[in-house]
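Colleague: I would like a close look at a single part of this model. Please keep the account plain and give the cut-offs as you go.

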Amino acid sequence: MSQKKILVVDDDPDVRLGLQLRLNANHYDVIFAGDGVASIAEARKHMPDLMILDLGLPAGDGFSVLERLKANEKLSSIPVIVLSGRDRVGNRDRAIKAGARTFLQKPTPNEKLLAVIRMVLDPKESTPEVVYDLADPS
Amino acid sequence: MRKRALQVLLVEDNAGDARLLREMFSKEPSGSFELSHLTHMREAEARLKAGGVDIALLDMGLPDGHGLETLRRARAAAPDVVMIVLTGMEDEALAAAAMKEGAQDYLIKGQIENRALPRALRHAIERQRMQREAELMRKNEVELRDQFLSHVSHELRSPLTSIYSFSTIIADGLAGETTQQQNEYLQIILRNVRQLQSMIEDLLQVTQAQAHKLTVELESVSLNEAIEYAVDTLRGAAKDKEINLSFQSSARLPSVYADATRVRQVLTILLDNAVKFTPAGGTVKVEAREYEKDGSMMQIEVSDTGCGIGPEPIERIFEHLYQVTDPGHAGRRGLGLGLHIAKDLVTRQGGKIWVTSELEKGSHFFFTLPIFSLAGVIRPILTQEKSAGDSLALITAEVECRDGSPEVPRKTLDVARMVLQQCLRADSDVLLPNIGPLSEHKRFFVVANTKQDGAESIGRRIQSQLRGHHGFQSDNFNFVISHSFLPPLTRDANESMETFAEEVASEVRDQINNVCLQGAI
């Protein structure tokens, strides 16, 4: 079985590297984008199985990335997990309305992040120890 | 700058009263007031909606509008217009109620002096202007501070994320093997990350508490569930320290009239502290019972076998930012906001919070919450003497999503509750708080003290107000409104209002259970 591909969109290189190490260790392929425009280009090029998206980004923030993804027939099927340091209040609802599958607040415990990724990628097969409510995993 | 004439709308059906008031204005210099006069509420509403009125003088007994309802309708038609109500001599209570509902002033008929009227009008307008300005300033200030805090917390969370993620990467051996000592030190880093994280959350919470943004919405809350939830949350932390954490309740506790989220939050704060300050092998216990000093309250107790609190700090422990600075117990364990938040939340739910403690033996934190009583909610609308033909109706309003989704968004339900509240007549209708399981919260119940045909008109009013409210993205929701009458009940001469209210409440409960078909309460 080929490895699932995850596109991590975050402007903080430390966050990108941290996620890369963690996700590689869990057998995911990881590709990156550091801003809004690059995220769409990378998505087009690699057609990832999942996107992990920060909200505060240069060149088009996370919401505009979601908007452009959802407007594109091919890209709209890529599930998106928003992972942001911004307040849940307001941002969570807005992100989900814009098409994100769920909202996670930084810093999110590794186990929770991985469980949510498994649930989004493979809702049937995953049997995480803790089942999160995807609409509101907090 | 020349001031334009103030546009005054007088709504008064009594020709004599109207003439008297008109005469008072005639003595004012021309160009200072322009008076128009209407006799019916329906005309007045249309005139107010059309705009251009600065101030309205409202009689509280019109042919088509009575009491506070007059004021409510006028304010609904034109929320920015200054309202002054005209009441009779015996009606000071009504005047006071009107002021609470947003009237700027009241004038008692027959006691208005000539010069007093224009002055009252000018003052009322000035007062409203000042209130508006103060409100606006306060709002700007709060908004600025909120923006700042949300920005700061975001900025703090980012570096914290990287500290967390790389510490765990090293600890999990993703960057090569670590020695046992290195691992221990990494756990210290991680413990501090968690502490910093909860400080950031506390900081946001307390600013919200100060801005009274921690909303408290009272409903019937299962105390068993709230306690079990909080105990479950802390179970992991207690187990790590080998602390015996228990909640013993033999029977089903009565429901309390509180906010479920906030009750859990208070319990979590108290339990978190108890676990923190209790040494390994200790005990933390939650108990709940009727409050012995007041049978209408429940008392919840969180006790521990921890280090206890000395007599001086115990006085100040609920204060903002207060911390017990005991070097033996590593003072830096939080921002000292938890108990302050707990006190704020308990007080706003109608309870009180206190603590008893003995050094080295442990602490007992207590708080109280009112027991939910349907009779207590209904009691205010039961009149002392029932007039013939009056009866009690149960009006049910259910919000449905047009797309068939079973979940109605919380925000929509909040707006619906607010709109419903505005449709009711004070003193004769009451909107019941949320009762029963969450899935039932999209149903609202109103008990209306009304004549037979009144229930329908209340239903129609609710329907049209809900439909007209911009809070409902117009076409997404349906409102199903129905009503039924309670069996006629009469109070015996020697029966107390309290007993009678209990009797009515039990009928209401039966009817609601009929509607919900699953014994919700």
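Which side chain meets that of Asp54(A) in a salt bridge, and what is the N to O distance?

Modeller: The side chain of Asp54(A) meets that of Lys106(A) in a salt bridge, at 3.6 Å from N to O. A salt bridge here is a side-chain nitrogen of Lys or Arg within 4 Å of a carboxyl oxygen of Asp or Glu. Asp54(A) sits in the loop between strand 3 (50–53) and helix 3 (62–71) of chain A, and Lys106(A) in the loop between strand 5 (102–105) and helix 5 of chain A, so the pair ties together parts that are 52 residues apart in sequence. Helices (H or I, at least four residues) and strands (E, at least two) are DSSP runs, numbered from the N terminus.

This is a predicted model, in which local features need pLDDT of at least 70 and side-chain atom pairs count only at pLDDT 80 or more, while totals for chains, interfaces and linings use all residues. Residues are numbered from 1 along each chain as its sequence is written, chains are lettered from A and ligands numbered from 1 in the order in which they are written, and side-chain values use heavy atoms, with hydrogens and water left out.

Next, helix 5. Helix 5 (residues 110–121) of chain A packs against helix 1 (residues 13–25) of chain A at an angle of about 65°, with the axes 12 Å apart. The axes are lines fitted to C-alpha atoms over the stretch in contact, and angles run from 0 to 180 degrees between N-to-C directions. From helix 1 of chain A, Leu19(A), Arg22(A) and Leu23(A) are in contact with Asn110(A), Leu113(A), Leu114(A) and Ile117(A) of helix 5 of chain A; contact means heavy atoms within 4.5 Å. These residues divide into five nonpolar, one polar and one charged.

Arg22(A) also faces the other chain: it forms a salt bridge with Asp172(B), the closest N and O atoms being 2.7 Å apart. Helix 1 and helix 5 of chain A are the elements that give two or more residues to the side of chain A that touches chain B. Helix 1 of chain A gives the largest share of that side, seven residues.

In total, 19 residues of chain A are in contact with 18 of chain B. The two chains bury about 1500 Å² between them, 55% of it on carbon and sulfur atoms; buried area is the accessible area (1.4 Å probe) lost on putting two parts together, summed over both. Arg22(A), Asp87(A) and Pro107(A) supply 36% of the area that chain A buries against chain B, more than any other three residues.

Key: Ala, Val, Leu, Ile, Met, Phe, Trp, Tyr, Cys and Pro count as nonpolar, Asp, Glu, Lys and Arg as charged, and the others, Gly among them, as polar.
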